[in-house]
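Reader: Could you take me through this structure in a few questions and answers, giving your criteria as you go?

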Amino acid sequence: MKPIDYQSVMARRNETMLSALGLDYAPFLQHPVTFDYEALMAQVSYSLDTVREIQSRVGVGNTALIELRQINRLVRLLAPKGKGARIFVKDEAANPSGSYKARRAALSMHHAKEAGFKGAVAATSGNYGAAVASQAAMRGLDCIVVQEVFDSLGIGQPEILEKGRACEIYGAEVLQLSVGPELFYQFLRVLEETGYFNASLYTPYAIAGVEPLGVEIVEQMQAATGAAPDVVICTHAGGGNLTGTARGLQKAGASDCKVVAASVDLSGLHMASDTDFNRKHFTTGHTGFGIPFAGWPDRTDVPRNAARALRYMDRYLLVKQGEVFYVTEALARLEGLERGPAGNVALAAAIALAQEMDADQTIVVQETEYAGAGKQPSAQLSFARARGIEIRRGDPDDETPGAAVVIPDHPSRIKLRDVDLLHVRKSLIRKAAGLMPQGRKLEAEDIKFLAAETRSTLEFVEACVT
Amino acid sequence: MTFQTGDWVRIHSVILTPDERTSAIPKETRGVPLEMRVKGWLVTAGASIGDAVEIRTTLGRSYHGTLEAVNPPYGHDFAAAIPELLRAGEELRAMLAEAEGETT
């Protein structure tokens with residue numbers, strides 16, 4: 001019997017993860033920095049059409065693309081003359097488990113079944129848990145979800161409680177943990193005990209499963225407007241949403257389309273803090289994941305992360321919590337669409353961005369998520385207010401995460417706030433250079449890899465490391 | 001009150017005590033244990049809240065822990081409307097209606 005104390009389990013992490021993935025990562029781990037990313041993605045042996053067929057068989061994908069006509073009228077009222085791009089939204093809430101995460105889970109669970117696994121384990125507090133549980137249920141596979149749910153008082157915020165309930169409804173065994181990154185230890189123990197598939201969000205399957213979303217956007221926009229969109233905005237956290245969508249856009253030939261990330265600004269709150277835990281009003285799509293994952297993707301439950309957002313990101317925008325709640329209200333009131341918070345992060349950014357784009361241009365917000373008890377602003381903000389967080393109207397730039405939520409007093413208050421991507425790129429390149437063993441320098445091939453990793457140039461990488 | 005084998009319950013256990021936790025976390029987190037809650041069918045007969053019990057989850061897997069609750073409600077709901085947002089919604093409608101008036 002293997003020892004199951006923290007140090008022993010963590011020491012076995014690589015072998016545990018490898019046997020639970022059914023993928024050989026060895027070719028991608030030979031160099032401390034550089035690996036063949038496209039070869040990693042090519043571990044998914046299905047063509048794009050086959051992926052679409054696999055997903056279609058389980059009711060995933062082919063969601064509606066909706067033009068937000070009332071919001072677009074509002075944008076034109078706010079924008080300078082001749083400005084005000086048209087915004088469309090991809091209604092991913094229509095997927096079986098209520099979010100685009102069904103796309104990632106569908107291909108992963110297809111692979112798990114084909115590879116002979118009896119069940120799957122996912123470490124997630126987000127919509128992905130319900131997505132894996134739903135896709136596992138469709139295939140008669142067992143599903144265990146390990147979630148970070150409670151603070152040390154046993155209190156969980158409404159949105160996380162809802163995500164746990166959804167997993168249970170689809171028949172998952174749900175392990176609900178208190179705050180802390182050692183959740184990973186419990187996750188590894190479950191993988192060891194069960195021999196189930198690691199339904200990581202970051203395998204090539206979980207990313208290839210999103211590619212059809214990008215393809216559908218191009219097809220539907222061509223039908224609606226005669227052209228691919230000028231901009232696609234993705235709510236950004238771990239990077240899989242943006243990576244998969246961008247790869248799909250490229251595969252559909254929309255190489256001129258700009259890919260923009262958007263996250264909720266939660267700066268000042270620590271993601272592993274027991275006391276900050278219930279002072280966040282968003283459980284994902286925020287800077288607590290978005291910034292570290294953009295700057296260094298290999299911080300996950302797989303040896304090499306297939307979600308590498310900085311490779312595809314043209315711009316990264318931050319929005320305030322109050323802006324997202326405001327836009328959620330606008331989407332319901334003006335468009336008749338009650339949707340959960342995830343896609344509304346990107347929508348808030350889109351409303352600001354549309355005002356600096358020309359009126360004949362287009363933006364696609366590439367996801368919505370389901371709304372239900374716990375997910376609405378009413379639940380999240382009532383919970384916040386009961387915990388002493390101030391909720392008021394005003395300028396969202398005055399918002400302090402954990403202390404106040406400022407709901408815009410006018411739609412013109414929704415603003416563009418750029419993350420300095422040059423800084424993020426430099427930081428990634430310097431960290432990579434630091435991983436080289438003593439006495440070994442980055443070779444030409446490594447420089448080329450890092451230029452692709454950071455969507456920059458050979459000259460930029462060389463300037464960063466000299 | 002005692003509960004019967006086959007009742008749907010939630011148990012609580014400590015995964016890591018504070019001194020077993022990683023040092024790479026804020027001190028307020030390191031000062032408390034890593035806890036876990038799981039639901040399943042009660043295996044132990046005649047148990048009361050606070051007793052050490054065994055459960056079988058919906059997948060048939062066994063867990064041991066302290067009996068914390070019997071068929072606990074989920075607890076989350078829609079809560080109350082947010083007046084600040086209701087007003088914002090009305091303002092947005094009015095803005096569009098007013099603009100409509102100007103253009104027709």
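Author: Helices (H or I, at least four residues) and strands (E, at least two) are DSSP runs, numbered from the N terminus. The model is predicted, so local features need pLDDT of at least 70 and side-chain atom pairs count only at pLDDT 80 or more, while totals for chains, interfaces and linings use all residues. Residues are numbered from 1 along each chain as its sequence is written, and chains are lettered from A and ligands numbered from 1 in the order in which they are written.

Reader: How far apart do the end C-alpha atoms of residues 59-365 of chain A lie?
Author: An unreviewed UniProt entry annotates these residues of chain A as "domain: Tryptophan synthase beta chain-like PALP", and such annotations may be inferred rather than shown by experiment. The span is 43% helix and 17% strand, and its end C-alpha atoms are separated by 21 Å.

Reader: Which element of chain B gives the most to the side that touches chain A?
Author: With contact meaning C-beta atoms, placed from the backbone, within 7 Å, 47 residues of chain A and 37 residues of chain B take part. On the side of chain B, the element that gives the most, with 9 residues, is α2(B).

Key:
Two residues are in contact if their C-beta atoms, placed from the backbone, lie within 7 Å.
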